[in-house]
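Here are a few exercises to work through with the model open in your viewer. Try each one before you read its solution.

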Amino acid sequence: MAADSRETTSAAGGAEGQKLPPGMVLGKDGKPCRSCTSGAAFKSWSANLKSSTVGASAAGFGAAAGAAAAASTSPSTTPNDCPPDVEALGRSTWTLLHSIAATYPKEPSSTQKSDLKTFLGAFSRLYPCWVCAEDFQSYMATQQIAVGSRDEFGKWLCEAHNAVNTKLGKSTFDCSKWEERWRTGWKD
Ligand code: FAD
C-alpha cells in the first residue's frame, strides 16, 4: 500500500467526508486511485461501499469501483486481467527499471547517458501512482541519478528502490548483489 499521510487526501468532486480504510489513496480528482492503492485496501473500501449507506452517495465513483466491489465477494477468483493495484504496478515497474540497468552499457555514450536521464525524468512525472511519483521526484532531486556506467546506475536504482522499501517498512536489499538478481543470476 501507499503508506503515507496522503491516503485520505480528497479533492473536489470526490470522496470528502467518507471514512477511508487504511491504505486507500485518492487521486487528485478525489476519486479512488487504483494504481496508488493495494488490492486489499481497494476491496475493503468497495466492500464497505456495498454494505453502507455511503454506497448511495459514492455511486459516482463509477464502474471501476463497482467492478472491484463485485470482485471483493470472491477474492480467490479475481481475474488476473484487472487494472493493476499499486503492488502489481510496482513489481512490474521495478522489473522494467532493473532490467534497463542490467542492459545499460558498461561504458555508455553521451547520448545513452542523456537518454537515461530523460527517460527517468519523464518516468518520475508520468508514473501512474501519483503519491509514488511525487516521492520519487523528491528522491531524484536529492540523489542525483548516476548514469556513468551500468554498475553506477544499477546501484543508484537499487538505493532508490531501497528508499521505497524503507518507506513501506520492508527490509532493504543488499545492493552489492543487484547484478546477480537482475542480470547474471545468483552465484551457486
Ligand atoms: P518489489 O519492491 O516490487 O520488488 C520486486 C523484486 O525486486 C523483489 O522481489 C526483489 O527480488 C527485488 N528487489 C527488492 N528491493 C530491491 C532493491 N533495492 N534493488 C534491487 N532489487 C530489489 N508502493 C507504495 O505502496 N507506496 C509508494 O510510495 C510506492 N512508490 C513506488 C515508487 C516507484 C518508483 C515504484 C516503481 C514503485 C513504488 N511502489 C510504491 C511499489 C512498491 O515499491 C512495490 O513494488 C510493491 O509494494 C510490491 O512489492 P514487492 O514486495 O512485491 O516487491
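Reading from the N terminus, the elements of the protein go α-α-α-α-α-α-α-α. That gives 8 helices and 0 strands, where helices (H or I, at least four residues) and strands (E, at least two) are DSSP runs numbered from the N terminus. You're looking at a predicted model, in which local features need pLDDT of at least 70 and side-chain atom pairs count only at pLDDT 80 or more, while totals for chains, interfaces and linings use all residues. Residues are numbered from 1 along each chain as its sequence is written, and side-chain values use heavy atoms, with hydrogens and water left out.

## Exercise 1: the core

Find which residues have the most contacts inside the largest nonpolar core.

*Step 1.* Buried means under 20% relative accessible area, with a 1.4 Å probe and protein chains only. Of the 188 residues in the protein, 41% are buried.

*Step 2.* The largest core has 32 residues, and Leu120, Ile145, Phe153, Trp156 and Leu157 have the most contacts inside it. At least two residues of this core come from each of H4 (86–103), H5 (110–126), H6 (130–142), H7 (150–167) and H8 (178–184).

*Step 3.* Zoom in on Trp156. Leaving out residues up to four places away in sequence, Trp156 touches Leu120, Phe136, Tyr139, Met140, Gln143, Gln144, Ile145 and Ala146; contact means heavy atoms within 4.5 Å.

## Exercise 2: H4 against H5

Work out how H4 and H5 pack, and which residues meet.

*Step 1.* The angle is about 170°, with the axes 13 Å apart. Axes are lines fitted to C-alpha atoms over the stretch in contact, and angles run from 0 to 180 degrees between N-to-C directions.

*Step 2.* So H4 is roughly antiparallel to H5, a label used for angles over 145 degrees.

*Step 3.* Thr93, Leu97 and Ile100 of H4 meet Leu116, Phe119, Leu120 and Phe123 of H5. By class, the contact has 6 nonpolar, 1 polar and no charged residues.

## Exercise 3: H5 against H6

Now do the packing of H5 and H6.

*Step 1.* These helices pack at about 145°, with axes 7 Å apart.

*Step 2.* From H5, Leu120, Gly121, Phe123, Ser124 and Arg125 meet Ala133, Phe136, Gln137 and Met140 in H6.

*Step 3.* Sort them by class and you get 5 nonpolar, 3 polar and 1 charged.

Methods:
Core = buried A, V, L, I, M, F, W, Y, C linked by side-chain atoms within 4.5 Å. Buried < 20%, exposed > 50% of the residue type's maximum accessible area, 1.4 Å probe, protein only. Parallel < 35°, antiparallel > 145°, perpendicular 65-115°, else oblique. Nonpolar A, V, L, I, M, F, W, Y, C, P; charged D, E, K, R; others polar.
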